[in-house]
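Colleague: I have a new model open on my screen and would like to walk through it with you. Could you take my questions one by one?

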Amino acid sequence: MTKRILIILFVLFFSAITVNAQTKAINNLKLEQKKTLERLEMTSKLLEQNKQTTSSSLNKLSILTEQITERQTLISQINEEIKLLDANIFDLRDEIGKQQTQLESLKQEYAQLMYRTYLRSNSHDKLMFILSAQTISQSYRRLRYLQEFSNYRKEQAKEIEALTINLNQQLGELEKRKVEREDVLKKREIENVRLTEEKNNQQSLITNLKKQEKDLLKQLKTQQKQMDDLNDKITKLIAEEERKAKERAEAEAKKKGTPPPAKGEIPMTKEEQLIAGNFEKNKGRLPWPVERGVITGKFGQQPHAVLPLVVVNNKGIYIQTQKGADARCVFEGVVSQRFSIPGNNNAVIVRHGNYRTVYSNLTDIYVKEGDKVTAKQKIGKIYADPEENDKTVLYFMIWLEKDLQNPELFLSK
């Protein structure tokens with residue numbers, strides 16, 4: 001194989017790598033879009049469930065706001081896909097132009113070779129051309145020349161064939177990308193129309209809800225008290241757990257004649273230390289505590305959706321799901337507590353070393369204290385409120401010792 005055909009194949013190889021990298025990026029983006037569409041499907045189902053509500057609902061507003069956020073994410077992903085397709089089409093056109101020029105040059109060169117071969121075959125007999133040499137060495141050189149000339153013609157034909165095949169593939173890929181780009185543009189147009197409709201619905205809902213300011217303040221006050229009661233209960237339970245754990249560790253140290261745990265140190269077994277370490281390592285990758293759901297209340301201080309100058313301070317996150325859904329454990333651990341709080345139904349605490357996850361607003365509980373649980377194991381049924389069209393919301397918290405954590409940072413995206 002000649003050096004030139006190796007260079008051509010080398011160029012074609014790296015051209016294919018560029019196209020494949022772009023194709024991979026587009027495919028990854030489509031996977032992200034698929035996840036976003038699944039979340040949009042969930043919010044749409046929840047909004048449909050709330051359609052029967054005659055009065056304006058704050059819960060409906062929360063779901064609609066989340067849907068708008070997801071719709072904006074989808075449109076951003078579509079815009080990014082269009083950018084990638086544009087770059088892909090530009091590169092393909094550029095590569096096709098170069099290959100067409102190269103192919104045309106090769107064809108012209110090949111035509112000249114064929115013409116020279118034709119002239120030689122008509123004006124000289126090859127055998128006579130070799131035998132008419134003055135020396136044996138010259139005859140050998142003439143023979144080698146004819147062989148190399150023939151081989152060169154064959155290599156030229158191979159180069160033309162390789163470039164033609166690749167060029168046809170590139171042209172096919174270009175047409176495919178053009179069609180794909182048109183489809184994506186239409187999809188973006190549809191999503192923009194939907195986004196406008198949703199924003200109009202959101203504004204209309206906010207306007208109606210503002211007329212219910214007194215009721216909303218009362219509702220907020222009740223919800224805040226329920227959160228505070230739950231938070232106080234968990235704080236006391238954690239303190240009691242740590243006190244007992246410290247007493248056990250001190251007794252064990254006394255028995256073995258080893259130093260007791262340092263003041264303020266939370267004693268953990270080797271297994272608990274391992275679980276805690278793994279929990280930390282999986283931050284951002286933990287499975288959700290429900291199979292499918294949307295976050296309708298974020299962690300920390302959040303502006304009220306309707307009431308101006310009112311800030312809500314959430315200790316955990318509110319995840320709305322469909323009626324009949326179960327709460328799932330997000331990581332392996334041990335059930336340390338199960339208890340009830342007025343307004344929050346039942347709750348379960350699972351210990352993961354020095355981390356704890358809390359699952360609140362449950363009716364039936366499937367586990368008992370001391371049970372070892374695994375990731376995605378069902379631990380209880382989430383309460384469906386009959387007074388609010390069976391609204392089904394899990395209140396989920398994560399603690400690191402006595403400090404609250406933002407659960408969204410731990411859950412997979």
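The questions and answers below go from the whole chain to single residues.

Colleague: Happy to start. What kind of model is this, and which pLDDT do local features need?

Modeller: This is a predicted model, in which totals for chains, interfaces and linings use all residues, side-chain atom pairs count only at pLDDT 80 or more, and local features need pLDDT of at least 70. Residues are numbered from 1 along each chain as its sequence is written, and side-chain values use heavy atoms, with hydrogens and water left out. For local features, then, the answer is a pLDDT of at least 70.

Colleague: Thanks! How many helices and strands are there in the chain?

Modeller: Helices (H or I, at least four residues) and strands (E, at least two) are DSSP runs, numbered from the N terminus. Counted that way, the chain has 6 helices and 13 strands.

Colleague: What percentage of the residues in the chain is buried?

Modeller: Buried means under 20% relative accessible area, exposed means over 50%, and partly exposed is in between, with a 1.4 Å probe and protein chains only. The chain has 413 residues, and the buried share is 39%.

Colleague: Now the largest pocket. Which element gives the largest share of its lining?

Modeller: A pocket is an open set of points on a 1 Å grid over the protein atoms alone, where a 1.4 Å probe fits, with protein on both sides within 12 Å along at least five of seven lines; lining residues have an atom within 4 Å of a point. The largest pocket is lined by 46 residues, with L58, N59, Q219, Q223 and K391 nearest its centre. Elements giving two or more residues to this lining include α2 (58-123), α5 (213-256) and β12 (391-400). The largest share, 9 residues, comes from α5.

Colleague: And what is the volume of the largest pocket?

Modeller: Grid points are joined across faces, edges and corners, and a volume is the space filled by probe spheres set on the points. For the largest pocket, that gives about 1,500 Å³.

Colleague: How many residues of that lining are charged?

Modeller: Ala, Val, Leu, Ile, Met, Phe, Trp, Tyr, Cys and Pro count as nonpolar, Asp, Glu, Lys and Arg as charged, and the others, Gly among them, as polar. The lining divides into 13 nonpolar and 25 polar residues, and the charged ones number 8.

Colleague: Back to α5: how far apart are its end C-alpha atoms?

Modeller: The expected span of a helix is 1.5 Å times one less than its number of residues. With 44 residues, α5 should span 64 Å, and the distance between its end C-alpha atoms agrees: 64 Å.

Colleague: Is M227 buried or exposed?

Modeller: M227 lies in helix α5, where the buried residues also include L220 and L230. Contact means heavy atoms within 4.5 Å, and, leaving aside neighbours within four places in sequence, M227 is in contact with N313, N314, K315, Y318, N344 and Y395. At 3% relative accessibility, M227 counts as buried.

Colleague: I like aromatic rings. What type of pair do Y355 and F410 form?

Modeller: Rings of Phe, Tyr and Trp (its six-membered ring) pair if their centres lie within 6.5 Å; planes under 30 degrees apart count as stacked, over 60 as edge-to-face and the rest as tilted. The structure holds 6 such aromatic pairs. For Y355 and F410, the centres are 5.9 Å apart and the planes 70 degrees apart, so the pair is edge-to-face.

Colleague: Which strands hold Y359 and F396?

Modeller: Y359 and F396 form a tilted pair, 5.3 Å centre to centre with 50 degrees between the planes. Both residues are buried. The pair ties together parts 37 residues apart in sequence, because Y359 and F396 lie in strands β8 and β12.

Colleague: Last one: where is E401, with its positive phi?

Modeller: Most residues other than glycine have a negative phi. Phi of E401 is near 55 degrees, a positive value. E401 is partly exposed, with a relative accessible area of 31%, and its place is in the loop between β12 and β13.
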